[in-house]
Amino acid sequence: MNASDYLDLPHVAQARGEVALPGSKSISNRVLLLAALAEGVTEIAGLLDSDDTRVMLAALRQLGVQVDDHGAGRVSVHGATPFPSSQADLFLGNAGTAFRPLTAALALMGGEYRLSGVPRMHERPIGDLVDALRGLGAQVDYLGQDGYPPLRIGPGAPRGDAPVRVQGGVSSQFLTALLLASPLLARAAGREVAIEVVGDLISKPYIEITLNLMARYGVAVRREGWQRFTVPADAAYRSPGSILVEGDASTASYFLALGAIGGGPLRVTGVGVDSIQGDVAFADTLRAMGVTIEAGPGWLQSSGVRVARGERLRAFDEDFNLIPDAAMTAAALALYADGPCRLRNIGSWRVKETDRIHAMHTELAKLGAQVESGPDWLRITPPAAGQWRDAHIGTWDDHRMAMCFSLAAFGPAAVRILDPGCVSKTFPGYFDVYASLVGS
């Protein structure tokens, strides 16, 4: 095994300092697509530089969209609808925030496209979105297993003569994809477009991000609860001129967690009380665990216990349906709780970059925790004194697994992170920033 294949984390006892967050992945890829679909040129600042945004940028350029890179997270996107290239073979890695919305947008443009990704992307379901698009008359074919990528999109003739129906219980990205593409359908049909959610919608805060950004580009969606969304007949995206991408609230969770178990204070900038991202609610989870949280416009700060001195966080039993990504950080913090912790309503973990319930169960148990899990829940009893075990932590090609388990270095066991480079999906420099904030 080469040294680059793993990272040995030294034992640490404290964490404090300040970190400027990289841009939000969810906002970055949404804004890139909106800018490409909009009339005019959009100057984007604060754009995340990561694997997921790189595949979206590459795809847009391949589709004929002009994107000027000014460096330091600044790009200019020249809108062009329909996209100049009516044929393309797109590779989208493991980026759900690129694959799902591009599928919907391209299916409504009438060209011929192939979309593929890494093997794990071909295991992540997309059938609910394809069913909705086929219901509109779009031609979308599976090139492998039914219900999963890769896909071929043909020159169908979409129509908007009935409500679009989509299942809400597997991934909110399917509804986001349809919402982002809906002005194309409204234009083609010459009438308003209604999207109806079948069943209960998960991860609602991510839909709020989508609606907020659509409004910034001039399309106001009428929402009736979480079951029906109506896009006006004259909907058309227009560039706001410039837009700043917030810092990533999911990424903020790792640093706030460092302050929670390393004493702090640890401040993150780029996201705060004015955020449009639901994962800022992770601060409320930390408060319930006994952590002091301060917040203002564009910043959050945590000050907590010192687990190296034997202090403990308060155990929790919480429904994490609204913040599934940040919930992974809570699972890692359960190692330092004063009793068993339970995460509920996290079934969406099963279809993420890996099966996160299984992966978390496996890796937490390696450290000596007693772990139980079910279809949509995880129960973690922290290791008692003397029960911690040295562990080689598998990251399962999942950036969030790697970042979450950096928190294990506060325990007494020796921790090795396997394939630390997987953090490049959203935060290539994570471990360097982490090392600058912690100490023995």
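A salt bridge is a side-chain nitrogen of Lys or Arg within 4 Å of a carboxyl oxygen of Asp or Glu. The model discussed here is predicted.

Q: What makes Glu 363 and Lys 366 a salt bridge?
A: Their closest N and O atoms are 2.9 Å apart. The cut-off is 4 Å, so the pair qualifies.

Q: Where do Glu 363 and Lys 366 lie?
A: Both are in helix α10, residues 356-366. They sit three residues apart, about one turn of the helix. An α-helix has 3.6 residues a turn, so residues three or four places apart point the same way.

Q: Is Glu 363 buried or exposed, and how do you know?
A: Glu 363 has a relative accessible area of 2%. Buried means under 20%, so Glu 363 is buried.

Q: Why is Lys 366 given its accessibility class?
A: Its relative accessible area is 31%. That value falls between 20% and 50%, so Lys 366 is partly exposed.

Q: How many salt bridges does the structure hold?
A: It holds 23 salt bridges. One of them joins Asp 8 and Arg 416, with the closest N and O atoms 2.7 Å apart.

Q: What parts of the chain does the pair Asp 8 and Arg 416 link?
A: The pair links distant parts. Asp 8 is in strand β1 (residues 6-9), and Arg 416 is in strand β23 (residues 415-418). They are 408 residues apart.

Q: Which accessibility classes do Asp 8 and Arg 416 fall into, and why?
A: Asp 8 has a relative accessible area of 43%, so Asp 8 is partly exposed. Arg 416 has 18%, under the 20% limit, so Arg 416 is buried.

Q: What makes Lys 25 and Asp 52 a salt bridge?
A: Their side chains meet at 3.8 Å, N to O. That is within 4 Å, so the pair counts. Lys 25 is in helix α1 (residues 25-37), while Asp 52 is in helix α2 (residues 51-62). Lys 25 and Asp 52 are both buried.

Q: Which other salt bridge does Lys 25 form?
A: Lys 25 also pairs with Glu 353. The closest N and O atoms are 3.9 Å apart. The limit is 4 Å, so this pair qualifies too.

Q: Which residues are linked in a network of salt bridges?
A: The network links Lys 25, Asp 52, Asp 325, Lys 352, Glu 353, Arg 356, Asp 398, Arg 400 and Lys 425.

Q: How do you know that Asp 325 carries an "active site" annotation?
A: The label comes from an unreviewed UniProt entry, whose annotation covers Asp 325.

Q: Where is Asp 325, and is it buried or exposed?
A: Asp 325 is in helix α9, residues 324-333. Its relative accessibility is 9%, under the 20% limit, so Asp 325 is buried.

Q: How many residues of α9 are buried?
A: Ten of its ten residues are buried, and the helix is called mostly covered. Among them are Pro 324, Met 328 and Leu 333.

Q: What does Asp 325 touch beyond four places in sequence?
A: Asp 325 touches Tyr 206, Ser 250, Asp 279, Lys 352, Arg 356 and Arg 400.

Q: Why is the link between Asp 325 and Tyr 206 called a polar contact?
A: The link between their side chains is 3.2 Å.

Q: What makes Ser 275 buried?
A: Ser 275 has a relative accessible area of 16%, under 20%, so Ser 275 is buried. Ser 275 is found in the loop between β15 (263-269) and α8 (282-288).

Q: Which polar contacts does the side chain of Ser 275 make?
A: One goes to the side chain of Glu 246, at 2.8 Å. The side chain of Ser 275 also reaches the backbone nitrogen of Gln 277 at 2.9 Å.

Q: Into which domains is the chain divided?
A: Domain 1 covers 6-22 + 248-439, and domain 2 covers 25-244. The contact takes 23 residues from domain 1 and 24 residues from domain 2. The C-alpha centres of the two domains lie 30 Å apart.

Q: What area is buried between domain 1 and domain 2?
A: About 1,900 Å² is buried, and carbon and sulfur atoms give 50% of it. Ile 276, Val 351 and Lys 425 supply 33% of the area that domain 1 buries against domain 2.

Q: Which polar links does the rule find across the interface of domain 1 and domain 2?
A: The rule finds two salt bridges. It also finds eleven residue pairs in polar contact.

Notes:
Residues are numbered from 1 along each chain as its sequence is written. This is a predicted model: local features need pLDDT of at least 70, side-chain atom pairs count only at pLDDT 80 or more; totals for chains, interfaces and linings use all residues. Side-chain values use heavy atoms; hydrogens and water are left out. UniProt positions are given in the numbering used here, feature names are shortened, and annotations may be inferred rather than shown by experiment. Helices (H or I, at least four residues) and strands (E, at least two) are DSSP runs, numbered from the N terminus. Buried means under 20% relative accessible area, exposed over 50%, partly exposed in between (1.4 Å probe, protein chains only). Contact means heavy atoms within 4.5 Å. A polar contact is a pair of N or O atoms within 3.5 Å; within protein, one must be able to donate a hydrogen and the other to accept it, and residues adjacent in sequence count only if both atoms are side-chain atoms. Domain bounds come from an automatic or database domain assignment. Buried area is the accessible area (1.4 Å probe) that two parts lose on being put together, summed over both.
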